[in-house]
Amino acid sequence: MEKKSIEVDIKVPNQTRYLSLIGRIGEDIAKELDKYTGDRETLAYQINLVLTEAMVNAIRYASSKSSDKLVHILINISEDDLMIKVYDKGQGFDINAIPRPDFNKLEDRGRGIFLIRSLMDFVCYRKIRNGNVLEMSKKLR
Amino acid sequence: MNLKTETRNNIIIINVKEERLDAHNAGDLKSEMHNQFEMGAKNMLVDLKDVRFIDSSGLGALVSGFKNAISHQGNLKLAGLQPQVKSMFELTRLHRVFEIFASASEAQENF
């Protein structure tokens with residue numbers, strides 16, 4: 001039987017007002033997974049969250065001043081895997097240099113990448129031509 | 001951001017009337033808490049019962065409010081966390097920092 005997969009390619013202005021739109025698309029995609037046997041509400045929340053965090057990351061730290069002001073998000077979801085790529089045109093950063101939060105210190109910031117890493121199986125951020133890409137994937141079975 | 005702030009029995013109650021508390025609106029909640037403490041508030045309760053989604057910026061705003069409370073010799077408690085929202089507090093260990101109550105009325109009895 002042919003395996004069903006969905007690919008969604010989105011470009012939105014790099015403004016936080018579009019976070020809810022992107023999050024909602026992520027939640028709706030999770031609900032399309034007919035054969036997912038886990039808790040679908042939890043998966044929907046997790047996709048919403050990682051998309052939100054990745055987009056905020058692209059807006060705050062990765063957008064260069066002169067480039068076009070769009071965040072490019074690619075979501076590919078099959079019965080077995082969820083893959084998300086978030087592209088930016090900024091200078092980028094070293095994701096491996098971002099420390100795990102110190103739970104004994106109360107910091108206002110620094111939990112975004114930790115949340116992404118906690119909820120996804122694979123996370124990497126690398127340079128590509130004309131920018132960077134944050135890649136994340138998760139096994140769905 | 002839609003916030004409803006009221007005072008009951010000397011407790012400032014901030015009702016977050018939003019489905020999402022995220023990087024788009026968390027700054028508004030942070031400012032409201034800050035302003036209330038600056039105006040002399042000591043006891044603050046943030047009611048999150050309408051919030052279905054919270055991200056790291058939303059958590060960060062509440063942490064900021066909590067630290068603000070301490071620096072003003074006050075306290076900040078939370079109420080009405082939906083299950084998925086509560087799971088974010090657990091994942092980031094913030095459930096060990098905040099006093100969290102099932103409902104606003106229960107929280108009010110514990111100031």
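Q: Is B:Asn10 buried or exposed?
A: In this predicted model, B:Asn10 is exposed, because 9 other C-beta atoms lie within 10 Å and the cut-off for exposed is 12 or fewer.

Q: And where is B:Asn10 in the fold?
A: B:Asn10 belongs to the loop between S1 and S2 of chain B.

Q: What about the phi of B:Asn10?
A: The phi of B:Asn10 is positive, about 70°, although the residue is not a glycine. Most residues other than glycine have a negative phi.

Q: What do S1(B) and S2(B) form, and what is in the turn?
A: S1(B) and S2(B) make a hairpin with two residues between them, and B:Asn9 in the turn has a positive phi of about 50°.

Q: How do the two strands pair, and over how many bridges?
A: S1(B) and strand S2 (residues 11–16) of chain B pair in the antiparallel sense, over six bridges.

Q: Where is B:Gln73, and what is its phi?
A: B:Gln73 sits in the loop between H2 and strand S6 (75–79) of chain B. Its phi is near 55°, a positive value in a residue other than glycine.

Q: Why does B:Gln73 count as exposed?
A: Because B:Gln73 has 8 C-beta neighbours inside 10 Å, and exposed means 12 or fewer.

Q: Switching to chain A. How many helices and strands?
A: Chain A has three helices and five strands. From the N terminus on, they run β-α-α-β-β-α-β-β.

Q: What is the strand order in the sheet?
A: The five strands form an open sheet in the order S1-S2-S3-S5-S4 (chain A), with antiparallel pairing. The edge strands are strand S1 (5–13) and S4 of chain A, each pairing on one side only. Direction ignored, neighbouring strands of this sheet are turned by 15° against each other on average.

Q: How many bridges between S3(A) and S5(A)?
A: Eight bridges, in the antiparallel sense, join strand S3 (residues 81–88) and strand S5 (residues 131–139) of chain A. In that pairing A:Met83 stands opposite A:Ser137 in S5(A).

Q: Which strands does H1(A) lie across?
A: Helix H1 (residues 19–31) of chain A lies across S1 and strand S2 (70–78) of chain A, and runs at about 175° to S1(A).

Q: Back to S4(A). Is A:Tyr125 buried or exposed?
A: A:Tyr125, in strand S4 (residues 122–128) of chain A, is buried, because 22 other C-beta atoms lie within 10 Å and 20 or more are needed.

Q: What is A:Tyr125 in contact with?
A: Leaving aside neighbours within four places in sequence, A:Tyr125 is in contact with A:Ile95, A:Asn132 and A:Leu134. From A:Arg100, A:Tyr125 is 25 residues apart in sequence and 16 Å apart in space, C-alpha to C-alpha.

Q: What share of chain A is buried?
A: Buried residues are 32% of the 141 residues in chain A. On contacts, 64% of those between residues at least 6 apart in sequence join residues at least 24 apart.

Q: Which residues touch the most other members of the largest nonpolar core?
A: In that core of 64 residues, they are A:Val50, A:Ala54, A:Met55, B:Met44 and B:Val46. Helix H2 (residues 40–62) of chain A gives the largest share of the core, twelve residues.

Q: What is B:Val46 in contact with?
A: Beyond its neighbours within four places in sequence, B:Val46 is in contact with B:Ile14, B:Val16, B:Leu62, B:Leu76 and B:Leu78.

Q: Last topic, the contact between the chains. How many residues from chain A and from chain B?
A: Chain A puts in 20 residues and chain B 19 residues. On the side of chain B that touches chain A, helix H2 (56–71) and helix H3 (83–91) of chain B each supply at least two residues. H2(B) gives the most, with eight residues.

Q: How many nonpolar, polar and charged on that side of chain B?
A: The side of chain B that touches chain A has seven nonpolar, seven polar and five charged residues.

Notes. Residues numbered from 1 in each chain as written. Chains lettered and ligands numbered in written order. Predicted model: local features only at pLDDT ≥ 70, side-chain atom pairs only at ≥ 80, totals over all residues. Helix = DSSP H or I, 4+ residues; strand = E, 2+ residues; numbered from the N terminus. Contact = placed C-beta atoms within 7 Å. Nonpolar A, V, L, I, M, F, W, Y, C, P; charged D, E, K, R; others polar. Pairing = 2+ DSSP bridges. Axes fitted to C-alpha atoms, helices over the stretch in contact; angles between N-to-C directions. Core = buried A, V, L, I, M, F, W, Y, C linked by C-beta atoms within 7 Å.
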